[in-house]
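Welcome, and please have your viewer ready. We will go from stop to stop, selecting a few residues each time and looking at what is there.

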Amino acid sequence: MFVELLVKPVEFFISLDLIYIAINQLSYPLNEVIFMRKNVVDKVETVTSITIIQVVDKLFMLLMIISIFWIALRIIDFVAHVFAYRASLTNSKEDDQLVQFVRELVKISTVTIGFFVVLGYVFEINVLTLITGLGIGGIAIALAAKESLENLLGSFTIFVDKPFVVGDFVKVNGVEGTVEKVGFRSTRIRTADQTLVTMPNKKMIDTPLENMTVRNYRRIHFDVGLTYNTPIEDIKSIAQEITDYINAHPKTNNNAIVTFESFSDSSLNLQVLYYIEMMDYNPYLKIKEEINFKIMEIVQQSKGDFAFPTQTVIHQYPEQTSVTDSKS
């Protein structure tokens with residue numbers, strides 16, 4: 001991994017060095033003037049000229065600085081890779097999340113330093129004066145970047161408060177999915193449809209968030225509708241059999257509740273309430289399906305039947321009467 005990350009930037013750096021040394025041996029026509037400007041200040045005339053060799057020097061200096069910081073960024077990636085591997089060996093997911101966050105923070109800081117180095121050495125700009133000017137205009141910049149700063153502070157809040165970590169299944173702002181990455185501006189969530197949702201960190205801390213991973217069980221609640229001609233004893237038997245089966249299941253909390261809840265328009269409703277041990281989404285669906293099939297089997301074996309919306313219409317005809325017309 002170390003060689004794979006560094007081979008290209010190191011090759012680029014060595015090639016630049018060799019080309020620069022070769023070009024510096026040339027004397028013609030690199031010393032020719034390509035730009036000249038005369039300035040008169042207090043009746044004193046000064047001449048500013050730029051030669052080809054000066055342009056070449058600046059260009060190579062720019063490329064050298066880029067290659068050096070490119071190497072630095074690749075070294076940061078390698079160090080982050082080592083720490084990410086060590087973090088993967090632990091049971092906690094907090095260190096995995098922290099490694100990625102610190103990696104991005106260090107890389108952004110390195111790129112910022114590289115930018116000011118280029119301004120100072122290549123374009124000969126007084127960096128201290130520039131930073132002072134930025135400090136004066138800091139209020140305007142802060143107002144313009146208000147949303148970005150709020151999201152940045154939100155990322156720090158997530159790391160300090162730890163409402164979730166990478167790998168947790170969360171529900172926030174109507175989105176359900178697994179947290180894949182927490183960045184400076186946003187958090188990436190992979191939904192059950194395998195789409196990637198990018199949620200601003202500000203919303204992750206301002207909006208009510210449900211962390212499904214930290215709970216021990218998933219709550220299952222639904223109704224089973226039986227037909228009105230089902231005998232009372234059969235309803236009691238069905239409810240008891242469903243309760244016993246769910247409580248005996250190894251992946252439930254053995255605290256199932258199955259009760260006769262209500263009379264609806266076309267069915268007698270049994271309320272089924274139980275909890276499945278917390279696990280990944282796909283195994284959870286399989287267990288839920290297994291229990292549903294067993295409920296269907298219990299109802300059919302008890303000679304019961306599932307109700308569906310029906311309506312009985314009774315037509316009542318009036319008695320027919322005969323009328324005899326008479327003539328007077």
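Predicted model: local features only at pLDDT ≥ 70, side-chain atom pairs only at ≥ 80, totals over all residues.

Begin by selecting Thr 191, which sits in strand β5 (residues 186-191). Helices (H or I, at least four residues) and strands (E, at least two) are DSSP runs, numbered from the N terminus. Thr 191 is buried, at 12% relative accessibility. Here buried means under 20% relative accessible area, exposed means over 50%, and partly exposed lies in between (1.4 Å probe, protein chains only).

Residues are numbered from 1 along each chain as its sequence is written, and side-chain values use heavy atoms, with hydrogens and water left out.

**Two loops**

Most residues other than glycine have a negative phi. With that in mind, select Asn 173, in the loop between β3 (169-172) and β4 (175-182). What is the phi of Asn 173 near? It is near 55°, a positive value in a residue other than glycine. Asn 173 is partly exposed, at 45% relative accessibility.

Next, go to Gln 194, in the loop between β5 and β6 (196-200). Gln 194 is not a glycine, and its phi is positive, at about 65°. Is Gln 194 buried or exposed? With a relative accessible area of 57%, Gln 194 is exposed.

Select Thr 157 in helix α6 (residues 146-161). Thr 157 is partly exposed, with 35% relative accessibility. Show Ile 205 as well: it is 48 residues from Thr 157 along the chain, and the two C-alpha atoms are separated by 7.7 Å.

Then try Asn 247, in helix α8 (residues 232-248). This residue is partly exposed too, at 23% relative accessibility. Asn 247 and Tyr 274 are 27 residues apart in sequence, with 8.6 Å between their C-alpha atoms.

**A pair of helices**

Colour helix α2 (residues 52-88) and helix α3 (residues 94-121). Their axes come within 10 Å and cross at roughly 170°; axes are lines fitted to C-alpha atoms, for helices over the stretch in contact, and angles run from 0 to 180 degrees between N-to-C directions. The two helices are therefore roughly antiparallel, a label for angles over 145 degrees. Where α2 meets α3, the contact has 18 nonpolar, four polar and six charged residues. In this scheme Ala, Val, Leu, Ile, Met, Phe, Trp, Tyr, Cys and Pro are nonpolar, Asp, Glu, Lys and Arg are charged, and the others, Gly among them, are polar.

Stay on α2 and follow its length. Its 37 residues reach 53 Å from the first C-alpha to the last, close to the 54 Å expected at 1.5 Å a residue; the expected span is 1.5 Å times one less than the number of residues. Buried residues of α2 include Ile 53, Phe 60, Ile 71 and Ala 87.

**Rings**

Now show the aromatic side chains. Rings of Phe, Tyr and Trp (its six-membered ring) pair if their centres lie within 6.5 Å; planes under 30 degrees apart count as stacked, over 60 as edge-to-face and the rest as tilted. By this rule there are seven aromatic pairs. Select Phe 260 and Phe 263: their ring centres are 5.1 Å apart and their planes at 80°, so this pair is edge-to-face. Phe 260 is partly exposed at 39% relative accessibility, and Phe 263 is exposed at 62% relative accessible area. Ring pairs also link Phe 101, Phe 156 and Phe 159 into a cluster.

For the last stop, select Arg 218, which lies over the face of Tyr 284, at 4.5 Å from the ring centre. A charge sits over a ring if NZ of Lys or CZ of Arg is within 6 Å of the ring centre and within 35 degrees of the ring normal. Arg 86 lies over the face of Phe 83, at 5.7 Å from the ring centre.

Conventions: Parallel < 35°, antiparallel > 145°, perpendicular 65-115°, else oblique.
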